[in-house]
Amino acid sequence: MTGRPLVYLIDGSGYIFRAYFAVRPLATSTGVPTHAVTGFARMLGRLLKEERPTYLGIAFDSRTKNFRHAMYPEYKANRDAPPEDLVPQFDLTWKLVQALDIPVLQLDGFEADDVIATFTAQALRHGFDVRVVSGDKDLMQLVGEHVTQLDTMKGKVYDRAGVIERFGVPPERVADVLALAGDASDNIPGVPKVGEKTAAKLVAAYGDVEQVIAATTLITKPKAFEKAVVDNQESARLSKRLATLKEDVPLTFDAAALKMTPPVPEKIGGFLKSIEAFSLMRDLGLSSTATEAAPPPRTPTLPFVAPTATPLASPATQTIHVEVGTAIDRSGYQTLLSREAVTALLAKARTTGVLSIDTETTSIEATRA
């Protein structure tokens, strides 16, 4: 893929769900959940640092039902509604992408995969190479001489050979395998008794779905899965239509619009301030000095009183009452300033049988502290 400009097309919808389940729950001081958008920003920041894309666009699913629902009303009908704390983060993620001045690729009635497929086809006609950023197996049908797929979670790049290794068939036959095997996550019916491995063997032996149907029809003593193909021809054909990505979504590839520009720290800083996540400036490769301000304290600050070196009180009798706005009684505290003092405390803890440790960190985010 050397010598041609390279455009990165990110499956933004897939990124959001991956981020949601990869990061522990986080929320602002007002209770707005932020872990999905935080994870999304970190994943995006890593991509920007490691890949340094010159051209980039992020595709999102339609906010309405898409054309596949009209074709098959049960499409994705088995999916639960998004988690309650994920729903408000869809808009937050959109705002993050806009704050970074990265083009959002979306059109009602079409999934992110179809938008990516369309932009891929148009980019190739404009002399571009394409790198699809996603872990979605459906998108592997786009891989070719000038198209690769990057799964950032696995750190793996799929070229034609990689797809053949994954599916047992080349990219142009991936939709046929998905059609015969079906897809439980999308509720694509497929053919009963035909799993992905069996589907791959049938496709490798005979060709596309129509060729598989024709070949199995001629078998005089078909096995159970071959008979299933003959008995479920229309289901196989419908599933092929559902699994095949569209390349004619009415959107136009504009290289100039997809060209990356340096993010404006003040612009992204304003957004990060709204979700109380200034640490993401570092993840996104930006300096926060111009915009970062310390967040307001969540509890009143207590006056500082220098510690004393008095002996520790017995755990059985030590009680410390703290009232906000008053000095802390530190008579029950001891500052350990030497190895000997720590050793003595450990000896006391072993004798007592109980030791409690609390760590003071630079952040409440475990992955950043």
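Reader: Let me start with the helices: in which hand does α1 pass α2, right-handed or left-handed?
Author: In this predicted model, helix α1 makes a right-handed crossing as it passes α2.

Reader: At what angle do the axes of α1 and α2 cross, and within what distance do they come?
Author: The axes of α1, which covers residues 12-22, and α2, which covers residues 35-51, cross at roughly 115 degrees and come within 8 Å.

Reader: Which residues make that contact?
Author: On the α1 side the contact is made by G12, Y15, I16, R18, A19 and Y20, and on the α2 side by H35, A36, G39, F40, M43, L44 and L47.

Reader: What is Q89 in contact with?
Author: Leaving aside neighbours within four places in sequence, Q89 is in contact with Y20, P33, T34, H35, A36 and V37. Among them, Y20 of α1 and both H35 and A36 of α2 also take part in the contact between those two helices.

Reader: Changing topic to α9, which of its residues are buried?
Author: In α9, which runs over residues 209-217, the buried residues are V209, V212, I213, A215 and T216. Viewed down the axis of α9, these buried residues fall within an arc of 170 degrees, and therefore they line one face of the helix.

Reader: What covers the buried residues of α9?
Author: The cover includes α7 (174-181), α8 (196-206), α10 (224-231) and α11 (233-243).

Reader: What does a side-chain oxygen of D208 reach at the start of α9?
Author: That oxygen of D208 reaches to within 3.2 Å of the backbone nitrogen of E210.

Reader: Back to α7, then: is V177 buried or exposed, and which residues does V177 touch?
Author: V177, which lies in helix α7, has 0% relative accessibility and therefore counts as buried. Not counting residues up to four places away in sequence, V177 touches F167, V169, E196, A199, A200 and V203. The C-alpha atoms of V177 and A236 are separated by 10.0 Å, although these residues are 59 residues apart along the chain.

Reader: Last one, how many helices and strands are there in the protein chain, and what share of its residues count as buried?
Author: The protein chain has 15 helices and 6 strands, and 41% of its 369 residues count as buried.

Methods
Residues are numbered from 1 along each chain as its sequence is written. This is a predicted model: local features need pLDDT of at least 70, side-chain atom pairs count only at pLDDT 80 or more; totals for chains, interfaces and linings use all residues. Side-chain values use heavy atoms; hydrogens and water are left out. Buried means under 20% relative accessible area, exposed over 50%, partly exposed in between (1.4 Å probe, protein chains only). Helices (H or I, at least four residues) and strands (E, at least two) are DSSP runs, numbered from the N terminus. The arc is that of the directions from the helix axis to the C-beta atoms. Contact means heavy atoms within 4.5 Å. A polar contact is a pair of N or O atoms within 3.5 Å; within protein, one must be able to donate a hydrogen and the other to accept it, and residues adjacent in sequence count only if both atoms are side-chain atoms. Axes are lines fitted to C-alpha atoms, for helices over the stretch in contact, and angles run from 0 to 180 degrees between N-to-C directions. A crossing is left-handed if the near helix is turned anticlockwise from the far one by less than a right angle, and right-handed if clockwise.
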